[in-house]
Amino acid sequence: MGKPELRSRPGETENKGTSPRTLVKRLRESTFENWYRDRKYAENIRQGKPYFNGPPKVQPTSRHSPSRLLQCHRRSWYNHLNSAEEDGPPQGIFWFGTRFEEDLIMPFLSDTVINKETYACNSLWVDYTVDTDHGEVRIKGETDPVIVDEDSVPLLLLEVKTKQSVDGLSEPNQHHRAQLHAYLHGLSEKYDTDLERAAIIYGSRSTLETEVFEVEFDQAFWEDTVLQWAADQTKYRTYGALPPAEPEHDWECKFCSYRERCGRGDREYSDSGPVGLLPIFSDYPRQSVVEYLDSHPDSKLTPTLAHNHPSLVENYGAYDWSCSACEATYSWNAIDPPSSSHAPRCPECRENGEKGWLSGPTPDEQLRIEGADDVQ
C-alpha cells in the first residue's frame, strides 16, 4: 500500500509557502546535519574559539590531553596525526553530556553539596610538564566542575561521565581514573596545594540515575601506568613508529574511528599508516573527508569517494582508477563505483579473460604522490 499524498486544504495554494506539502518539502530539502554544523560554526566564533572551525592541527609530540590517557596506543597515534575518521563523532552523546553537566549536575551541586564557604566552579585549566625516565611530557586540558573555596582554591575535583546505563557499575573506568590523576597532579601544582581525592559522577542517559565513586590519588598508578603510557606514546609519535593495537578492552575496537585502517574492521586492510584515505572504503562521513583534505592540501578524493561526493571533486580533485594486474588507468567517473566493499573489475582484464581489479592508490601510494607534488 502506497503512502497517502499530502493534499492542500481548499483554497490553499503551493506558492503561499504555508501548505503542508510545501512545509514538508522544506523539511526534506533542509539537512539537519548541515544546520547543526553551521550552528556550531557560528557559536565557536561568538565564543572566541574560531580555531575549532578549521582543520585540526597536529599538536607537539609530547602534548597529551587528560581525556585521552590510557587509550589504545595505535588509536591515540592515528588521532594525534589527524588520520581520516571512518565515522562521525557521537554528537548526540556529546550534546547530552554537556546538557547533563550544565543543566543538572551544576544546579545539583549548588542546591545540595556546597555551603556558604564553598562554590561550584564550571571548570579549571591545567597545563604542565612532567619529567619522566623517557623524556618530558606535557599535559593540557580542562576539568569538569570543581568545588572551590572562597579564594577559588580547589577542594574537590569532579568528573562527570554519561553512560547508557549505570546498572552494575562497581568501580570507575581506568581511563577516567587516569584523567582524574592528571587533573589532581596539575591542580595541586598550579594552586600549591595537596589535592588527594576526587569523585566521578556517572549518569545514565536513559534513566538519569547516578553512581558516584571516590578516587584517591595513587602515586604508583600515576607514575607506573599513566606517565609511562604518556612517555611511550610520545616515543611512538617522535619516531613515527606504528604502535601496537592493544586496547584495554576488546569492545573498544568496535567503536574505534580507525578500525578499518588498523585491521580490526570488516575490510581487507591492516596496519595502515596514518596518512591517506582507504581506496575502496566508502563510509567516510563527508565532514571527515573535507577535514582530511583541508589538512592535506596535496591529497585528492579516492575514486570511490569521488562518486559518493561528486560536488567535492572540483575543489579537491580525484585520483584515477588503476589496475594492479595490467596497469591500465581510468578516470574516476569512467567506471561505475562498486556496489559493495569489493573493488570493480578492470574492463581490459575482463576482455582478455584476466582477473584484474581496479582501485585508487593505497595510503602509502597517496603519500608518495603527495611527496612528488611537493618536489615539483
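W251 is exposed, and F255 is exposed as well; exposed stands for over 50% relative accessible area, buried for under 20%, and partly exposed for what lies in between, with a 1.4 Å probe and protein chains only. The model is predicted, so local features need pLDDT of at least 70 and side-chain atom pairs count only at pLDDT 80 or more, while totals for chains, interfaces and linings use all residues. Residues are numbered from 1 along each chain as its sequence is written, and side-chain values use heavy atoms, with hydrogens and water left out.

A search of the whole structure gives nine aromatic pairs. Rings of Phe, Tyr and Trp (its six-membered ring) pair if their centres lie within 6.5 Å; planes under 30 degrees apart are stacked, over 60 edge-to-face, and the rest tilted. One of the pairs is F217 with W222, whose ring centres are 6.2 Å apart and whose planes meet at 50°, so this pair is tilted. Both F217 and W222 are buried. For W251 and F255 the centres are 6.4 Å apart and the planes stand at 70°, so that pair is edge-to-face. F32, W35 and Y36 are linked into a cluster by ring pairs.

Two arginines also meet aromatic rings. The charged end of R177 sits over the ring of F221, 4.0 Å from its centre, and that of R261 sits over the ring of Y78 at 5.9 Å from the centre. The criterion is NZ of Lys or CZ of Arg within 6 Å of the ring centre and within 35 degrees of the ring normal.

Next come the strands (DSSP runs of E, at least two residues, numbered from the N terminus). Two strands pair if DSSP finds at least two bridges between them. Strand β3 (residues 125-132) is joined to β4 by eight bridges, and the two run antiparallel. W125 stands opposite E142 in β4. With two residues between them, β3 and β4 form a hairpin. On β4 (residues 135-142), two bridges also join strand β1 (residues 63-64), and these strands run parallel. Here H64 stands opposite I139 in β4.

The last stop is the second largest pocket. Its lining has 24 residues, and P279, I280, L358, S359 and G360 are the closest to its centre. β9 (321-323) gives the largest share of this lining, three residues. By class, the lining has 11 nonpolar, eight polar and five charged residues; Ala, Val, Leu, Ile, Met, Phe, Trp, Tyr, Cys and Pro count as nonpolar, Asp, Glu, Lys and Arg as charged, and the others, Gly among them, as polar. A pocket is an open set of points on a 1 Å grid over the protein atoms alone, where a 1.4 Å probe fits, with protein on both sides within 12 Å along at least five of seven lines; lining residues have an atom within 4 Å of a point.

Conventions. Helix = DSSP H or I, 4+ residues; strand = E, 2+ residues; numbered from the N terminus.
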